[in-house]
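Have a look at it first, then we'll go through it piece by piece.

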Amino acid sequence: MKKQPQITKQTMANLREAFWNLYTEKPVEKISIKEITDLAGYNRGTFYLYYKDVYDILTQIENYILDKIQEAVMEYLCVNDTFDISKNMGTFVELMQTYSRYSVVLLSDHGDPQFTTRLKEILWPLLNRFFIQTEGYNDYQIELLAEFYLSGILATVTKWNSNSQMTIDQFISFMVPNIFPKR
C-alpha cells in the first residue's frame, strides 16, 4: 500500500514539531522517541518510518536550514563579482528571521555546536571573498580573523533575532557600517 505524500509530509512535520517543542526545553540526549511520539500522537513505529533516532531528526532540521543559507550564499558567490553588503546581509538576516524559532535555539548555548561550525563554514567564503583581506596572512591568522568576524556576526544576529527592537532594514543600516567600515 502506497503512502499518501500529503499524509507523509504532515506526519513528518508533526514529529518534527513535537521534537522541536522538547528540544527547546532540554538537550537532545535527554529526549526520548516515546516523548516525541506521545506528544505528536503517533506510535514508535511511525517515528522509525521517517527517522533513525532523535539525532537524525535534529540533523534533518539543521540540514534544511543550512541548505537554504548555502543556496543563497552560492548564488552570490557564483553570480556576482561584487557584493552589496546591505542587500545581501539583509537576505541572510531574513533567512535567520524566517527560521528564527530554530536559529535562536541552534545558535544558543543550548544548541548543537556543529550547527554553528557548519554555518560559519558556509558564510566564510563570502566574507573572505568580498570583505576580509587575508592576503599576506598565514592560515592561523586567517582562522583568527574568520572566527572573530563570524562569531560576532552570528552572535549579533541571534541577539537581534531573539529580541528584535529594530526592523531588518534598521538592523542592517546600523550594523553594516559598524562591522564593515569603508576602506
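## Starting at Phe115

Does Phe115 count as buried or exposed? At 0% relative accessibility, Phe115 counts as buried; the label buried means under 20% relative accessible area, exposed means over 50%, and partly exposed is in between (1.4 Å probe, protein chains only). Phe115 lies in helix α7. Helices here are DSSP runs of H or I with at least four residues, strands are E runs of at least two, and both are numbered from the N terminus.

What does Phe115 touch once neighbours within four places in sequence are set aside? Its contacts are Glu62, Ile65, Leu66, Leu106 and Leu107, where contact means heavy atoms within 4.5 Å.

Residues are numbered from 1 along each chain as its sequence is written, and side-chain values use heavy atoms, with hydrogens and water left out.

The pLDDT score is the predictor's confidence in each residue, from 0 to 100. The protein averages 84, and 87% of the residues score at least 70. Confidence is lowest in helix α5 (residues 85-98), at a mean of 72, and highest in α2, at 97. Where pLDDT is low, the predicted coordinates should not be read in detail.

## Overall layout

The protein has 9 helices and 0 strands. Of its 183 residues, 42% count as buried. Take the contacts between residues at least 6 apart in sequence: 67% of them join residues at least 24 apart.

## One side of α2

Helix α2 (residues 33-40) has Ile33, Ile36, Thr37 and Ala40 as its buried residues. They sit on the same side of α2 because they cover an arc of only 90 degrees around the axis, the arc being that of the directions from the helix axis to the C-beta atoms. After α2 comes Gly41, with a positive phi near 85 degrees.

Ala40 also pairs up with a residue from elsewhere in the sequence: Ala13 and Ala40 are 27 residues apart in sequence and 9.4 Å apart in space, C-alpha to C-alpha. Ala13 is in helix α1 (residues 5-23) and counts as partly exposed, at 27% relative accessibility.

## Salt bridges

A search of the whole structure finds 5 salt bridges, each being a side-chain nitrogen of Lys or Arg within 4 Å of a carboxyl oxygen of Asp or Glu. One of them joins Glu35 and Lys26, whose closest N and O atoms are 2.4 Å apart. Glu35 counts as partly exposed at 26% relative accessibility, and Lys26 counts as partly exposed at 23%.

Glu62 and Arg118 meet in another, at 3.8 Å, N to O. That pair links distant parts of the chain, with Glu62 in helix α4 and Arg118 in helix α7, 56 residues apart. Glu62 counts as buried at 2% relative accessibility, whereas Arg118 counts as partly exposed at 28%. Lys120 and Glu147 also form a salt bridge, at 2.5 Å, N to O. This pair too links distant parts of the chain: Lys120 is in helix α7 and Glu147 is in helix α8 (residues 139-162), 27 residues apart.

## Two buried aspartates without a partner

Where is Asp112? It's in the loop between α6 (100-106) and α7 (113-130). Asp112 is buried yet has no salt bridge, and the nearest side chain of opposite charge, Arg118, is 5.8 Å away. For charge, Lys and Arg count as positive and Asp and Glu as negative; His and the chain ends are not counted. A polar atom of the Asp112 side chain does lie 3.0 Å from the backbone nitrogen of Gln114. Not counting residues up to four places away in sequence, Asp112 touches Tyr23, Leu58, Glu62 and Leu106.

Asp56, in helix α4 (residues 54-79), is buried and has no salt bridge, with Lys52 as the nearest side chain of opposite charge at 5.3 Å. Leaving out residues up to four places away in sequence, Asp56 touches Tyr50 and Tyr51.

Note on methods: Predicted model: local features only at pLDDT ≥ 70, side-chain atom pairs only at ≥ 80, totals over all residues. Polar contact = N/O pair within 3.5 Å; in protein donor to acceptor, adjacent residues only side chain to side chain.
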